[in-house]
Amino acid sequence: MIYPFKNKQTQFVKLLGYASTALFFFLFISCERNYLPKPLGYNKIELPKAEYRPSPDTLPYTFEYSKHARLYRDTSSINERYWIEINYPSLEAYIHVTYKELHNNEKLLRELVNDAYVLTSKHQIKAYAINEVISKTPKGKTAVIAELEGDVPSQFQFTITDSTQNFLRGALYFKTKVNNDSLQPSIDFMKKEVMHLINTVEWKNK
């Protein structure tokens, strides 16, 4: 015996099931297309105030550095007597400073200038630009300043010399491995700190 009503009811239930499945599918696809992942955020960087103090009297050169920084003797394996590090704990940054007394030795001066150039050039692999300028400081010193752009270990380097008695070299480094894009506020701040150091350098041995 045939039950037409029951068959129609069964077909209706099946159609309703197909419609529900199709609706769920389109809603799912719609949600997938409109979904945007939340962008990555970075921690807020608290920059220290621009407050300065004089360097220790035990060095043959003087300069001003931040009250929020700590000054240490360089402890690397190749350190020399008057090499220092100026550490900024809150920014995980430091300025590495090396010094040589020239004693009117022109050959030594050429070697030091060449070494500084080579050390800067080593960053060319990662740097997409190295901008070098010769600047006259308010104290009458001539400084060669190299600004490096890109994800490089050192973003700012400099040399200062009187060509006869004193040669000073400095380089800015960050201990963190975060990309420079997220470090940019700290990099900009530290460049100003390095420039303040450069502009206040004086020689004790003239």
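This dialogue reads a few features of a predicted model.

Student: What should I keep in mind about numbering and confidence?

Tutor: Residues are numbered from 1 along each chain as its sequence is written, and side-chain values use heavy atoms, with hydrogens and water left out. Because the model is predicted, local features need pLDDT of at least 70 and side-chain atom pairs count only at pLDDT 80 or more, whereas totals for chains, interfaces and linings use all residues.

Student: How many helices and strands does the protein have?

Tutor: Helices (H or I, at least four residues) and strands (E, at least two) are DSSP runs, numbered from the N terminus; the protein has three helices and eleven strands, in the order α-β-β-β-β-β-β-α-β-β-β-β-α-β.

Student: Does Ser55 count as buried or exposed?

Tutor: Buried means under 20% relative accessible area, exposed over 50%, and partly exposed in between, with a 1.4 Å probe and protein chains only. Ser55, in the loop between β1 (52-54) and β2 (61-62), has 6% relative accessibility and so counts as buried. Leaving aside residues up to four places away in sequence, Ser55 touches Tyr61, Thr62, Phe63 and Tyr65, where contact means heavy atoms within 4.5 Å.

Student: Which residues of α2 are buried, and which strands do they pack against?

Tutor: An α-helix has 3.6 residues a turn, so residues three or four places apart point the same way. In α2, Leu109, Leu112, Ala116, Thr120 and Ser121 are buried, and the buried residues of this helix pack against β6 (93-101), β7 (129-136), β8 (142-149), β9 (154-161) and β10 (166-174).
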